[in-house]
Amino acid sequence: MNSPHPTVVLVYQRTSLPWVFDSAQRAGIRLVLVPRPDETVEPGRLPAAVADVLPLDVEGDPAGALAALQQYHRAHPFDGITTLYDPAVPFVAEAARALGLPGIPPSTAAGVQDKRLMRERLAAAGLNVPRFLKLDDGAPADAAGLDFPVVVKPAHGYSSLGVTRAEDPGRLAAVVAEVREVCRGVLGAEPALVVEEYLDGPEYAVESLAHRGEVTVLSIGYKGEPKGPYFEETVYRAPADLPAAVQEAVVREVTAAHRALGVTDGPTHTELRLRGGTEPYLLEMGARVGGSGVSHYIASHVTGVDLAADALRVAAGLPPASAGAPVTAIGAAANYIVPCGGHGRITAIHGLDAVRADPRVDHVVQMLHPGDVVRPYPDFTGYPAFVLSRHASTAEAEEFHRHLESAIRIDYAPEEGTR
Ligand code: ADP
Ligand code: CA
Ligand code: CA
Ligand code: CA
């Protein structure tokens, strides 16, 4: 039974990113925050929607975290559990099952997280999948039957960590060794890899919401056309300017992918490429609101649907407020990911104050500051900043992004160990 103020446990969300907390507040949903281990939350400075804080070591000790969560649930029953943090999606699915709460089954969570399972399940359903093969730990580098270039990636990766293009067979062994190193190092994961054909074409992100198997595609946004060898995030502009027939093909493919992967409930963030400019091929689907909430910012300003609030409602077993309403674009929204543009110790970041003051800009989320050290790829350090903005049209967003390319500049001093 749900009280008038449902309570949802929110796992590993940074309080510096406001969207999901603001949505919860508007929707009258109480949050129990499981803070990120590297974030100190000060009780007096928590977002208003946070009713309680429950520290759990979800990644280091999942069994202990689940036991503590069960104990908490007995003392303070809650209605649901969710996360926007991709590596925590399997834990959330396990916890939901253990506590009898709404959510996707653990096997589905495993299938969206493990790129081998994902590719197999999509292929079995007859969806577009590049030719691929699995490379277990220690297996010799191999791309038999694949056309080059190929992309080598961790089976359990995220944030593009380690994802690397190999141009020709002669480069494959070195690339495989390098990606395994990223698995063992920054990802702390088993070095199981996927090798798949490079999908040539522009990239798109699709924000959707599923409820009881009914999938609503909210927005399709343009993500640039990164060519590698490493795939840094660059831009996100929605709604994408695509012919109606291509949009329909994207909606069909993404809807069918939910079915193939078993994602019946909750928000999803799907990344795909249009091979040859028209044929949608999934890169992956995340069973969560994407980009730590950036997907909510984009989808809500493009459609007027409060995606994060609906995601919390579905997590609590309630129907989304947007159910049944037609989805139409009412505006454009964008995210510009400030490129590192070099490496070393940051001495200055120019232009951000003027960008913050720009009326089109709602948020500048700054992750790196003067004094921080940026390592060259593939040693990922994170992005300097995101610029989230609203525009009358996607063309205006594109023009604004061209302006940002020259308006923001980062200075570096050489640093020992960054080559
Ligand atoms: P992650 O889970 O680390 O984000 P992805 O599979 O989404 O891994 O890959 C990250 C990025 O690498 C994608 O957004 C895309 O730009 C690029 N990429 C991955 N696989 C391919 C591919 N087969 N063809 C072309 N680009 C790819
Ligand atoms: Ca991912
Ligand atoms: Ca991705
Ligand atoms: Ca990406």
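Tyr12 is buried, with 23 other C-beta atoms within 10 Å (buried means 20 or more other C-beta atoms within 10 Å of the residue's own, exposed 12 or fewer, partly exposed in between, with C-beta atoms placed from the backbone). This is a predicted model, in which local features need pLDDT of at least 70 and side-chain atom pairs count only at pLDDT 80 or more, while totals for chains, interfaces and linings use all residues. Residues are numbered from 1 along each chain as its sequence is written, and chains are lettered from A and ligands numbered from 1 in the order in which they are written.

Tyr12 sits in the loop between strand 1 (7–11) and helix 1 (helices are DSSP runs of H or I of at least four residues, strands runs of E of at least two, numbered from the N terminus). Its phi is near 60°, a positive value in a residue other than glycine. Ser159, in the loop between strand 6 (150–154) and strand 7 (164–166), also has a positive phi, near 55°. Ser159 counts as partly exposed, with 16 C-beta neighbours inside 10 Å.

## Domains and their contact

The chain is assigned domain 1 (7–111), domain 2 (131–197) and domain 3 (203–413); such bounds come from an automatic or database domain assignment. The centres of domain 1 and domain 3, taken over C-alpha atoms, are separated by 23 Å.

In the contact between these two domains, 25 residues of domain 1 meet 25 residues of domain 3 (contact means C-beta atoms, placed from the backbone, within 7 Å). On the domain 1 side, helix 1 (19–27), strand 4 (80–83) and helix 4 each supply at least two residues, and helix 1 gives the most, with 6 residues. That side divides into 14 nonpolar, 7 polar and 4 charged residues (Ala, Val, Leu, Ile, Met, Phe, Trp, Tyr, Cys and Pro count as nonpolar, Asp, Glu, Lys and Arg as charged, and the others, Gly among them, as polar).

## Nonpolar cores

The largest nonpolar core has 94 residues, and Val8, Val11 and Leu312 have the most contacts inside it (a core is a set of buried Ala, Val, Leu, Ile, Met, Phe, Trp, Tyr and Cys residues joined through C-beta atoms within 7 Å). Helix 9 (residues 307–315) gives the most to this core, with 7 residues. Domain 1 and domain 3 both give residues to the core, so it lies between them.

Beyond four places in sequence, Val8 touches residues including Ile29, Leu31, Phe78, Ile81 and Leu312. Another core, of 22 residues, lies apart from the largest one and has Ala143, Val152, Phe231 and Phe380 among its residues.

## Ala210

Ala210 belongs to strand 9 (residues 203–211) and counts as buried, with 21 C-beta neighbours inside 10 Å. Its C-alpha atom is separated by 7.4 Å from that of Val263, 53 residues apart along the chain. Leaving aside neighbours within four places in sequence, the contacts of Ala210 include Val215, His258, Val263 and Thr268.

## Cis peptide bonds

The peptide bond from Gly228 to Pro229 is cis, with omega near 10°. Pro229 is in the loop between strand 10 (214–222) and strand 11 (235–238). The bond from Ala238 to Pro239 is also cis, with omega near 0°, and Pro239 lies in the loop between strand 11 and helix 7 (244–261).
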